[in-house]
Amino acid sequence: MNLTFEEIRGLEEKHLAPTYQKMPVAIKSGRGCKVYDVNGKEYIDFMTGYGVAILGHGYPRIIDSIKSQLENIAVVHSSVYSEQRALFLKKLVSITPKNLSAAYLSNSGAEAIEAALKVVLKATKRKKIIAMTGAYHGKTLGALSLTFSEKYRKAFDDIIYKGVEFAEYGNLEAVERGRRLEEYAAIFVEPIQGEGGIRLPPEDYLKGLREIAEKNGILLVVDEVQSGLGRTGKMWAHEHWNIVPDVMTIGKGIGGGIPMGVTVARPELMNVLEVGEHTSTMGGNPLACAAGKAVLDALTEDHIIENVREVGSYTMKLLSEEVGRSRIVKEVRGKGLMMAVELRVRFLEVLFKAIEFGLLTLYSGKTVLRMLPPLILSKEESAKAASILRESLNWYEKSKI
Ligand SMILES: Cc1ncc(COP(=O)(O)O)c(C=O)c1O
């Protein structure tokens with residue numbers, strides 16, 4: 001059955017909780033870095049389901065792995081051993097930072113954060129936590145307490161975790177000022193803030209956090225849900241600043257489109273959790289593990305991260321030269337293929353025009369166009385996206401200024 005865009009929109013608006021800011025498009029299929037709507041119109045996909053489709057759409061390794069796992073068995077609860085889970089874990093710990101060889105498997109980024117929260121609170125027996133202004137760690141109640149935006153928190157203020165304090169992102173002094181640091185269990189930080197608008201830290205920031213943590217017996221939790229898995233040109237974004245976290249969270253692309261979240265920690269930290277203290281019916285199911293193994297194999301064997309470095313710097317140059325010249329562009333920034341164009345105006349009309357011209361992309365806040373293309377992006381696709389963006393900005397300048 002082929003529904004029209006209006007029929008699809010009607011059904012979703014009637015029956016789906018109204019919590020998503022909708023875009024005026026219904027996507028039906030995807031191949032590589034392109035997606036297609038119900039009318040067959042093509043878009044370059046810089047949205048990738050919010051950074052999930054890191055290998056684009058229809059990546060053969062993922063399809064083969066999921067298909068053969070489905071034919072074999074889709075469901076094996078984590079209370080029973082599974083070959084596919086074991087193989088995924090073996091591959092996972094071959095690419096996680098030094099000593100972070102114990103994993104808790106869940107179904108989303110927020111769940112990966114929830115597990116990290118329990119680990120650090122129980123391991124340190126301390127109650128206070130530092131998170132950053134502008135931070136986004138998800139919207140389940142534990143994760144929400146670490147997420148900065150007032151808009152997301154205000155209706156639930158009574159039921160979120162009260163031990164969290166926010167320090168200005170990028171400012172080391174703000175972490176230390178006025179605090180008895182020996183009372184804090186953990187510092188949670190995104191190495192590059194994603195939802196916050198693709199904010200890169202000052203050069204010495206993560207090293208400084210690592211030192212503060214070390215000195216005070218605080219655990220450093222690095223949230224790589226958006227920035228990890230090659231997105232910035234290294235497997236983990238924090239590697240650009242040569243630090244090793246105590247706990248790390250992974251999500252989005254790790255399940256190749258199957259829901260998956262992962263929390264990794266040093267074994268002595270993860271092992272403070274006892275039987276029954278944290279479980280999930282679907283966490284670690286072999287279907288997600290099969291997809292996850294295929295994703296990690298691709299990242300380590302198919303020259304994906306090399307492509308991010310090459311096409312990432314090509315794209316940043318192109319955006320700076322072509323798009324950055326627009327009168328309404330304030331800044332072009334990013335690392336690898338985690339990019340943003342900050343406007344001097346609200347993004348909405350430019351974003352919708354870009355969609356009309358065939359580029360689907362993301363946003364942050366009120367003025368930032370955010371771009372999380374597939375890591376397999378080609379230079380041609382990148383150039384096309386930049387030119388669509390340029391056209392959309394031209395349209396705005398001509399019609400609105
Ligand atoms: C850095 C970071 N952490 C956590 C999350 C939450 O992930 P999820 O939406 O899968 O719960 C996100 C989602 O965008 C994120 O960017």
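Predicted model: local features only at pLDDT ≥ 70, side-chain atom pairs only at ≥ 80, totals over all residues.
**Exercise 1. Find how the chain is divided into domains, and describe the contact between them.**

Step 1. Start with the bounds: domain 1 covers 60-301, and domain 2 covers 303-340.
Step 2. Take the centres over C-alpha atoms; they are separated by 26 Å.
Step 3. Now list who takes part: domain 1 gives 14 residues to the contact and domain 2 gives 13.
Step 4. Sort the domain 1 side by class, and you get six nonpolar, six polar and two charged residues.

**Exercise 2. Work out the strand order of the seven-stranded sheet and name its edge strands.**

Step 1. Walk across the sheet from β4, and the order reads β4-β10-β9-β8-β7-β5-β6. The sheet is open, and its pairing is mixed.
Step 2. Look for strands that pair on one side only: these are β4 (102-106) and β6 (164-167), the edges.
Step 3. Follow the twist, which averages 20° from one strand to the next.
Step 4. Zoom in on one pair. Strand β5 (residues 128-132) runs parallel to strand β7 (residues 184-189), and three bridges join them. Across this pair, Ile-130 faces Ile-187 of β7.

**Exercise 3. Decide whether helices α12 and α14 are roughly parallel or antiparallel, and describe their contact.**

Step 1. Get the geometry: α12 (residues 304-323) and α14 (residues 379-400) pack with axes 10 Å apart, at an angle of about 20°.
Step 2. Apply the cut-off: angles under 35 degrees count as roughly parallel, so α12 is roughly parallel to α14.

**Exercise 4. Repeat the analysis for helices α3 and α11: what is their relative direction, and which residues make the contact?**

Step 1. The axes of α3 (residues 60-72) and α11 (residues 286-301) come within 8 Å, crossing at roughly 155°.
Step 2. Angles over 145 degrees count as roughly antiparallel, so α3 is roughly antiparallel to α11.
Step 3. The crossing of α3 past α11 is right-handed.
Step 4. On the α3 side, the contact is made by Arg-61, Ile-62, Ser-65, Ile-66, Gln-69 and Leu-70. The α11 side includes Pro-286, Leu-287, Lys-293 and Asp-297.
Step 5. By class, the contact of α3 with α11 comes to 10 nonpolar, two polar and three charged residues.

Methods: Residues numbered from 1 in each chain as written. Domains from an automatic or database assignment. Contact = placed C-beta atoms within 7 Å. Nonpolar A, V, L, I, M, F, W, Y, C, P; charged D, E, K, R; others polar. Pairing = 2+ DSSP bridges. Helix = DSSP H or I, 4+ residues; strand = E, 2+ residues; numbered from the N terminus. Axes fitted to C-alpha atoms, helices over the stretch in contact; angles between N-to-C directions. Parallel < 35°, antiparallel > 145°, perpendicular 65-115°, else oblique. Left-handed = near helix turned anticlockwise from the far one by under 90°.
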